[in-house]
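Please read it alongside the sequence and the structure.

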Amino acid sequence: MSYRGRAKQFLESQNISIGDMISIKKNGTEYRGMLLDRAEDADQMHIVLKMDSGYNVGLALAEAEVKLLEKGDKPEINLPPLDIHRDPGKMDVSIISTGGTVASIIDYKTGAVHPAFTADDLLRATPELLDEANISGKAIMNILSENMKPEFWVQSACAVADEINEGADGVIVAHGTDTMHYTAAALSFIMESPVPIVITGAQRSSDRPSSDAFLNLMSSVAMAKSDIAEVTVCMHPTENDNKAHIHRGTRVRKMHTSRRDTFNSINSPPLAKVKDGKVKIIDKKFAYHKRGECQLEVNDSLEEKVGFIKSYPGIAAELLDYHIDKGYRGLLIEGTGLGHCPDHLIPSLQRAADEEIPVLMTSQCLYGRTNLNVYSTGRKLLSAGVIPAGDMLPEVAYVKLVWALGQTSKLEEVKKIIETNLKGEMDEKSSSKYFLRDYGE
Amino acid sequence: MIEMDENIDYEKLGLMMGLEIHQQLNTTKKLFCPCECELTDKKPDYRVLRYLRPTQSELGKIDRAAFEESRRELTFLYDAYPQHTCLVESDDEPPHPLNQEALEIGLIIATLLDMQVVDEFHTMRKQVIDGSNTGGFQRTGLLAIQGHMNTPYGRVVIENLCLEEDAARRMGQRKGKVEFRLDRLGIPLLEITTDPSMNHPEQVREVAYQIGQVLRSTKVKRGLGTIRQDLNISIREGARVEVKGVQDLDSMEQLVKNEVMRQLKLLEIRDELRKRGALVENQIYDLGEILQDTESKIIAKAIKKGGKVLSIKLNGYKGLIGKEVQPGRRFGTELAGYAKKMGVAGIFHTDELPAYGITSQEVELINGFLEIGENDAFILVADEGDIARNALEEVQRRAKIATEGVPEETRKALDDANTEYLRPLPTASRMYVETDIPTQMVSSELLERVRANLPELPEEKKARIINEYGLSEDLSHQLVRQDRVKQFEEIVAGCGVEPTTVASLLAYTLKELRREGLDVDNLPDSHLVGTFQLLKQGKISKDAVSDVLVGVLKKNCTPEEAATNLNLMMLSKEDVKGIIIEIVASNEKMVIERNMGAMGPLMGTAMKQLKGKADGKLVNKLLKEEIQKYLK
């Protein structure tokens, strides 16, 4: 139990544990209910009671007369395994969970919410998935997406590869939304895949009836069955629950803290939309990798020591020096405007170049491309060896650098990789349609 | 058999009632976001389309009310506004922290009702997936328990006081989409629940009145729809039924009577069903072939649209389905209520057939096909296959319950004091914790501050103004009831006019003007004060006050302008004197002839000319002086 200090001492001395029915008398009023666990970060003065009405209340232990009425069972979730038979007429789709809770189960007795991790849990919560495909599921890790690390990208890529090797016709990765776009970019660079790899999640947790998880998951299954063999992100394009958009993994970014339609394709249209279980390409001229075009390949060597630095009016050169001193192997700068940073940083940038540390320049505008030829600072940055990242998103360029440095340590070769369009992450042409959701749909 | 007569012995039947009152609070912001607590009639700027799915519990069980709603697979459309509502209402942003103003109003009410306040307030999610809450749950928390109230019929316990958010406003239903407006969602509500100890409708009325008085002493909303009352009714052997939306306390007695009747009738039906050994088969039959050439328009239309005609057998139910359970409502209406929730327009049953284009020949065919026995009945539904099937499954479920007795239900109060089936009674199990909102400690400092600043209760207020202003019992009562005490005190302080005059205008004159169709409610206090100031300054007479206000309301002008326009401004002493000098001069002969005897006729002439513009006493005085001066 999560009770601490005085509350814990008291409950133990009374032989009261979670799930027991107790009575608490205070100022002549009696509260009866089941003792619930308390949040780990809550104070030590109160205990939580679930009353018969279903309401939880917190009651201070001071001046309270507490009595154990009946020992209860510690509530445990114990579900019988599902008995599902594979339908040879349907495609096989694997769902890999990294910790984003696309499905949840509520323990109504205590009101606690349990994330559904196993395939069985997932299918119990969303049995409709079985109408669309043979679903197999695996929870490979359980972390909040803000705690993601490059090593987990590799772990995810290997898990996806295992599923493909075992015959999956498509793989879905359930992921927390905070860093979903980093993982999408990472899987894009690490993997060559003959089948669709779809990353999805939810902006409203799956413990609520209004969760966007269900539609995102159903749409992801449709996408996993499609012929678009790329790493994509499948999420709501609007606040409505009626369709999903498919974004290329190297072009997508989380753009809103809470809305369902937080993910946008930037400097590119979304690849496709999914409505009523059907996948439709948005721009027919848009080229993409088709199912079965290539062999499965995993290039998973990464260089984790890459710094991500945002330029701002008060930035000091010591920030760059710190990274160089600490042995960082590459630096990604999110510059201002066309790709600038204050010129007093140039000596430090020159130092990085001298030490064969690639420095990539992106723009914090996100929309548009870098151009270091327009202003004198830009030209000076180029002379100091800075590599412009074009219309690549800063996060994508960062992931690409992490991956490129895993492939080679030679500055020239890294530069070549960065400047080559590998997975649709860059484009020479800018369209008027690409700015702020104007996809002309 | 009990007749539907006037005298029901409630005590003998073991009638138990509890009251649930929902009152909107008049806070500046909503409970969990900064939007204002006002409804709007403006066209929505955009609409959000959503579905809701119940979340399942660890036992694979879903709350039965939530489950039933979900079977209807409804789509919801929410009217939204970029300014009037925000992302919290549309469930696209987590809730903001609990509104402290609402919490404090809740604490004031808890204290006034002598309730025990919890030490720590936990916001819960109550699963409601009928679309009225965008999240699929209503946020609610228990603030206080165990208050009490004395009534002439005995003591009533106020069990719970909950602070919760109001639901979205249902605007209608179109093509399977239920439309809601987000303006009401999130307005703070207090839910006050009594224990089910009341056994007479009069007692419920008294409790509702007393709670209303307490609520009105604080910052609560007024007007239609801002307070809603639900009634829990049960009789011994019957079941707890929650009647939603009891608007009118006056018709409540009839409503209670009708509901008691319904439960008694259902018990009679149960006894008869048991006697007959009634049984509901689980089978659903397809009557498509038998009725393919039917003249029934409803059935023919359903078949034409590719729908199905399905039927079930209720063995031993014949004659009972047509039995009246409430005035004008039959047991069949109850069955239909369950079916309608699944989307069908209605059902056909044995006890009403042949009718609706279904011939006796067809009934015979159906009876033969279903092997209907002497006491057996059938139910028929024509609609889209899935809808018809779901509807009949619901009818089967309800019919089975009939052999056990009265089901626990949430019902809706109808205008004719009957009730209709709404949904199953929700179970306590539909509550889980709202993890997005931190728990809130109710500190003893806060409670002490609340206790030290309690508002005046209506009775206390009445006694005080009688005492302070020398008002009559009746005038004070009216001011309190109409909630005009604050206004009264401000106007009296602002104009210095005799309090009874002000009180009488507020309590009665304004009411009359409203009855005449004038927009009294939007009359600013400043105009009332201005009018009384004119009176105080002697610029208008007491009789002119009402006319001046009419002028203000009709012409939308200031009281002074109105008085001038209507020629109601009193003349100055000098002007009056001038007119009187003139009158005396032009009647010189009469004055010389009659001396002071001319006072009478000349007073008449003067008043005719100065009516409403000069005080009679002044005219009298000036006229007397002038005649005397003249005679000298």
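Two residues are in contact if their C-beta atoms, placed from the backbone, lie within 7 Å. Among contacts in chain A between residues at least 6 apart in sequence, 69% join residues at least 24 apart; in chain B the corresponding share is 73%. This is a predicted model, in which local features need pLDDT of at least 70 and side-chain atom pairs count only at pLDDT 80 or more, while totals for chains, interfaces and linings use all residues. Residues are numbered from 1 along each chain as its sequence is written, and chains are lettered from A and ligands numbered from 1 in the order in which they are written.

**The two chains**

The table uses two terms. Helices (H or I, at least four residues) and strands (E, at least two) are DSSP runs, numbered from the N terminus. A residue is buried if 20 or more other C-beta atoms lie within 10 Å of its own, exposed if 12 or fewer, and partly exposed in between, with C-beta atoms placed from the backbone.

Chain A comprises domain 1 (5-70), domain 2 (92-298) and domain 3 (306-419), with bounds that come from an automatic or database domain assignment. Taken over C-alpha atoms, the centres of domain 1 and domain 2 of chain A are 42 Å apart.

An open sheet of 7 strands has the order 5(A)-1(A)-2(A)-3(A)-4(A)-5(B)-24(B), with antiparallel pairing. Strand 5 (65-70) of chain A and strand 24 (440-441) of chain B stand at the edges with a single partner strand each, so one side of each has no neighbour in the sheet. Two strands pair if DSSP finds at least two bridges between them.

Within chain A, strand 3 (residues 46-51) and strand 4 (residues 56-60) pair over 5 bridges in the antiparallel sense, and A:Leu49 stands opposite A:Val57 of strand 4. Strand 4 of chain A is also joined by 2 bridges to strand 5 (residues 120-121) of chain B, again antiparallel. Here A:Gly58 stands opposite B:Glu120.

**The interface**

In total, 38 residues of chain A are in contact with 42 residues of chain B. On the chain A side, strand 3, strand 4, strand 7 (104-107) and helix 2 (119-125) each give two or more residues. Strand 4 of chain A gives the most, with 5 residues.

**Nonpolar cores**

A nonpolar core is a set of buried Ala, Val, Leu, Ile, Met, Phe, Trp, Tyr and Cys residues joined through C-beta atoms within 7 Å. The largest has 92 residues, and those touching the most other members include A:Val160, A:Leu360 and A:Leu401. Domain 2 and domain 3 of chain A both give residues to this core, so it lies between them. Leaving aside neighbours within four places in sequence, A:Leu401 is in contact with A:Val306, A:Gly330, A:Leu332, A:Pro358, A:Leu360 and A:Ile418. Another core, apart from this one, has 75 residues, among them B:Ala110, B:Val214, B:Val433 and B:Ile437.
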